[in-house]
Every structure is written in C-alpha cells, then in structure tokens.
Amino acid sequence: AWTPDWLGSPGQVTAPPNKYELAALAPGQVSLGKSDLELTSRAQPWTAPDGSIFPYRSGAITGYGKQSYLPPLRAVARLWLPCSPDKRLANWPSFWLVGDPYSWRRDGEIDVVEGLGGVAAWHAHYVGANGVQGPGGVVPGIWCGWHAFGVTWNADGTLDWKYDAKWVGHLAGYAATAPVFPVIMYSMAPPGSGLAACPPACGGPVRTGVQLRAAWVRIYRWW
C-alpha cells in the first residue's frame, strides 16, 4: 500500500514538493534491506521538465491513492535517523500525515517528526478561523539512530505527539477535516540553524550515502 515516490507515477523521478529543496525524489533511492526500508541520499543531479536542476537525489514513500485515514487514529513509525558527527540530524528526514486530496495547507498536514535545521520537531499545518496556521515545537535531545515517533489525532481536533512513548507535544484546535495518507521522505534542503530559517534553510548538515531507515509503520483506528 505504498508508492516509492512523491506524487508521481511509480518508477518516475519527480521534483520535490518545494522549489528550494536540493534533492529530486527517485524510486531508485528506495530499497529494502534485510529487515527495513531504506531511503538513501545520493549526489546525482537531475533536471526537471521545467529546467530546474536538483544536485542530489533521495527517496520517499507515500500512501497517496492507496491509504486514507480519518480520526480518531494513532500513527507510529520506528525510524533510523542519520546524523552528522556532531549529532545533528542529517538532511531533512520526515514522517508526515498529509491531507487527501493533496492541497497544502487547505487539507492539512500533521508532521509527526521532521529534522529541521538538525533538530527534531513536530508541527501541524492547516487553515483555521484566523487563516493559515503552523504551530509546532522542537524536541530537545539527540535523536540519532532508532526511535519510535508517533502522533494521536483525536476526533475533537486535539493532537498529541509521543517520541519513544514519551509525551513531547500537544495541540488543540486542529481544524483540517480531510483524511490523511502517510509519507516518509528523506528530503535535502539548504542547511539551517533553527526553525526560523525554514524556509528555505530547512535542512540539517548535508550528507550523501546515508539512509533514513524504517523498521515499521503502524496506524491504529478506533470507534
């Protein structure tokens, strides 16, 4: 129930969601290891049909068109996040729940975890009574290697994030109502020094030949 791409056809290299990103998304950068999925960053340029040049390629998997979920739900993924020698998250790893059909931000987006500027962060993007909203927060600590990242989306519009089963964030008033599909993506962007620099400097230290790995993704629903 996954496609090894962003929103393109299977086997098709596509441009990333944002023009300022550095890596095209290539199915060839998605592979299965002995016990996990691997998304690998690579220094290999690609030119988009509009002439845009991306100096790197990396991988993504998406449930777009194959999976769709409404609240109440809980989504958890066990991920390996690569780091730089100084323990900052490398590149731009992410695990998202994206509104279906894809119309950002109208249909919403729940960022379960993102490596922004080398740190782990959570966010929610939606259009509320006061316009476009994007609240979130940074989770202190070192998040290199294997960890479990999860979010619960309740029917009352509240969101609760847990990393390694420990509560790290809460949001009330998430106004998006569209069903969501899961995305795991290993993007690359200009390196930043904090959330305020994103966009366009959303990435951590640029590293190639490293893998964002996923052991499993679990989505639970109840009534």
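Me: Which residue does Arg 213 form a salt bridge with, and how far apart are the closest N and O atoms?
Reply: Arg 213 pairs with Asp 36, and their closest N and O atoms are 2.9 Å apart. Keep in mind that this is a predicted model.

Me: Where do those two sit along the chain?
Reply: Arg 213 is in strand β18, residues 211-221. Asp 36 is in the loop between β2 (30-32) and β3 (37-40), so the bridge ties together parts that are 177 residues apart in sequence.

Me: Is Asp 36 buried or exposed?
Reply: Asp 36 is buried, with a relative accessible area of 6%. Arg 213 counts as partly exposed, at 23%.

Me: How many salt bridges does the structure hold?
Reply: Three. One of them joins Asp 50 to Lys 19, with the closest N and O atoms 2.5 Å apart. Asp 50 lies in the loop between β4 (46-47) and β5 (53-54), while Lys 19 is in the segment before β1 (23-25), so this pair links parts that are 31 residues apart in sequence. Lys 19 is exposed, at 62% relative accessibility.

Me: And which residue does Arg 106 bridge to?
Reply: Arg 106 bridges to Asp 107, at 3.2 Å between the closest N and O atoms. Arg 106 counts as exposed at 55%, whereas Asp 107 is buried at 11%.

Me: Switching topic. Where is Asp 111?
Reply: Asp 111 is in strand β10, which covers residues 109-116.

Me: Why is Asp 111 called buried?
Reply: Because its relative accessible area is 0%, and buried means under 20%.

Me: What does the side chain of Asp 111 make polar contacts with?
Reply: There is a polar contact of 3.1 Å with the side chain of His 125. Another, of 3.4 Å, goes to the side chain of Trp 96.

Me: What else does Asp 111 touch?
Reply: Leaving out residues up to four places away in sequence, the list also includes Phe 95, Trp 122, His 123 and Trp 161.

Me: Now the inside. How many residues are in the largest nonpolar core?
Reply: That core has 38 residues, and Leu 79 and Tyr 174 have the most contacts inside it. Strand β8 supplies the largest share of this core, five residues. Apart from it lies another core, of eight residues, including Leu 25, Trp 96, Phe 181 and Val 183.

Me: Which residues is Tyr 174 in contact with?
Reply: Setting aside neighbours within four places in sequence, Tyr 174 contacts Gly 108, Glu 109, Ile 110, Ala 124, His 125, Tyr 126, Trp 153, Gly 157 and Leu 159.

Me: What about Gln 67, buried or exposed?
Reply: Gln 67 counts as buried, at 8% relative accessibility. You'll find it in the loop between β7 and β8. Its side chain makes a polar contact of 2.7 Å with the side chain of Tyr 69.

Me: Last one, the surface. Which residues form a nonpolar patch there?
Reply: Tyr 64, Tyr 102 and Trp 104 do, with about 280 Å² of accessible area together. Tyr 64 lies in the loop between β7 (60-62) and β8 (73-81). Tyr 64 is partly exposed, with a relative accessible area of 33%.

How values were computed: Residues are numbered from 1 along each chain as its sequence is written. This is a predicted model: local features need pLDDT of at least 70, side-chain atom pairs count only at pLDDT 80 or more; totals for chains, interfaces and linings use all residues. Side-chain values use heavy atoms; hydrogens and water are left out. Patches are made of residues with over 30% relative accessible area and no salt bridge: like charges are joined within 9 Å, nonpolar side chains (Val, Leu, Ile, Met, Phe, Trp, Tyr) within 5 Å. Accessible areas come from the Shrake-Rupley method with a 1.4 Å probe; for residues, only the protein chains shown count as cover. A salt bridge is a side-chain nitrogen of Lys or Arg within 4 Å of a carboxyl oxygen of Asp or Glu. Helices (H or I, at least four residues) and strands (E, at least two) are DSSP runs, numbered from the N terminus. Buried means under 20% relative accessible area, exposed over 50%, partly exposed in between (1.4 Å probe, protein chains only). A polar contact is a pair of N or O atoms within 3.5 Å; within protein, one must be able to donate a hydrogen and the other to accept it, and residues adjacent in sequence count only if both atoms are side-chain atoms. Contact means heavy atoms within 4.5 Å. A nonpolar core is a set of buried Ala, Val, Leu, Ile, Met, Phe, Trp, Tyr and Cys residues joined through side-chain atoms within 4.5 Å.
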